[in-house]
Amino acid sequence: MGRQELDIQLKTPEQIEKMRAAGLVVHAALEAMREAVAPGVSTADLDAIAEKVIRDAGAVPSFKGYHGFPASICASVNEQVVHGIPSAEQVLAEGDLISLDCGAILDGWHGDSAITVGVGATDPALLTMAQVAEDAMWAGIAAAARGVANGRGRLTDISFNIEKAIRKAGRYGIVDGYGGHGIGTEMHQEPHVLNHGKPGRGPRVVAGMALAIEPMITMGSPRTLELSDGWTVVTRDGSIAAHVEHTMALLDDGVWVTTAPDGGRARLGDLVTARQP
């Protein structure tokens, strides 16, 4: 283990391979939930699907019991931004937009990823917002890959490129305060990765860093509040939100998106490390 300013945990290539195994479990759980999303399905149903996939793979849900969180996924519907608690009473309806956030621990290493999915026939403007968030996430990951390649990258280059992609796409609220994070032997590690900011600041982006990159945007104001359950974060103005996430790891020769089945190659091309199997 190496250490850098802010106590950032650096991983060896072998440890990153272990994170890849955890990441593929998360991907499988998210895809199983994506297929199950439909009107009439409850968020508790989706939670049960994810937990089964995770445990059948020999892994453990990262979220369950984390600071008392009661479920294996976060399921955030419409104006819920993040950390929604699955419930049998929360039944999906036609036109809803749901963000599904999932984590798994395998052999002591974490994977963390999120998708936003429309329920049945969904307003195209909402699906566009979800795509904007996803594109911005990839823009941030690409910035990290370029930064480690040229040796000049800084942490906030990721934030800057996420914000730039969102601003270019339209008038969306970029949720403040929440963002990505380091990940490895714990789900949340230093550094915190904001989804906005000026470039060229913070610690250098170096091989061995593993980060979860997760834009959160809204159709309206970026302001949020936390509900009385102590978890669910919602938009103050009731506007609908989207949240996406991938875990990525940096090596000397590129980036490896450990929660993407192709390692990120379809979106990043040669920025993806040649070491991945």
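Leaving aside its neighbours within four places in sequence, with which residues is Ile141 in contact? Taking contact to mean heavy atoms within 4.5 Å, the partners of Ile141 are Ile213, His246, Met248, Val255, Val257 and Leu268.

Before I continue, a word on the source. This is a predicted model, in which local features need pLDDT of at least 70 and side-chain atom pairs count only at pLDDT 80 or more, while totals for chains, interfaces and linings use all residues. Residues are numbered from 1 along each chain as its sequence is written, and side-chain values use heavy atoms, with hydrogens and water left out.

Let us turn to the nonpolar cores. By a nonpolar core I mean a set of buried Ala, Val, Leu, Ile, Met, Phe, Trp, Tyr and Cys residues joined through side-chain atoms within 4.5 Å; buried means under 20% relative accessible area, with a 1.4 Å probe and protein chains only. The largest such core has 37 residues, and those touching the most other members are Ile141, Ile158, Ile166, Ile213, Ile217, Met248 and Leu268. Among the elements that each supply at least two residues to this core are helix H3 (124-150), helix H4 (155-169) and strand S11 (210-213). Helices here are DSSP runs of H or I with at least four residues, strands are runs of E with at least two, and both are numbered from the N terminus. H3 gives the largest share of the core, 13 residues. Another core, of 24 residues, lies apart from it and includes Met33, Leu46, Ile98 and Val117. In soluble globular proteins, nonpolar side chains tend to be buried together.

I come now to the annotated positions. In the unreviewed UniProt entry, the annotation "binding site" covers Asp101, Asp112 and Glu245. These residues are spread over 145 residues of sequence, yet they cluster in space, with a largest C-alpha distance of 7.8 Å. UniProt positions are given in the numbering used here, feature names are shortened, and annotations may be inferred rather than shown by experiment.

Where is Asp101 found? Asp101 belongs to strand S6 (residues 97-106), and at 7% relative accessibility it counts as buried. Glu245 sits in the loop between strand S15 (241-243) and strand S16 (246-251), and is buried as well, at 1%. Beyond four places in sequence, Glu245 touches Asp101 and Asp112, among others including Met137, His181 and Glu214.

Conventions
Buried means under 20% relative accessible area, exposed over 50%, partly exposed in between (1.4 Å probe, protein chains only).
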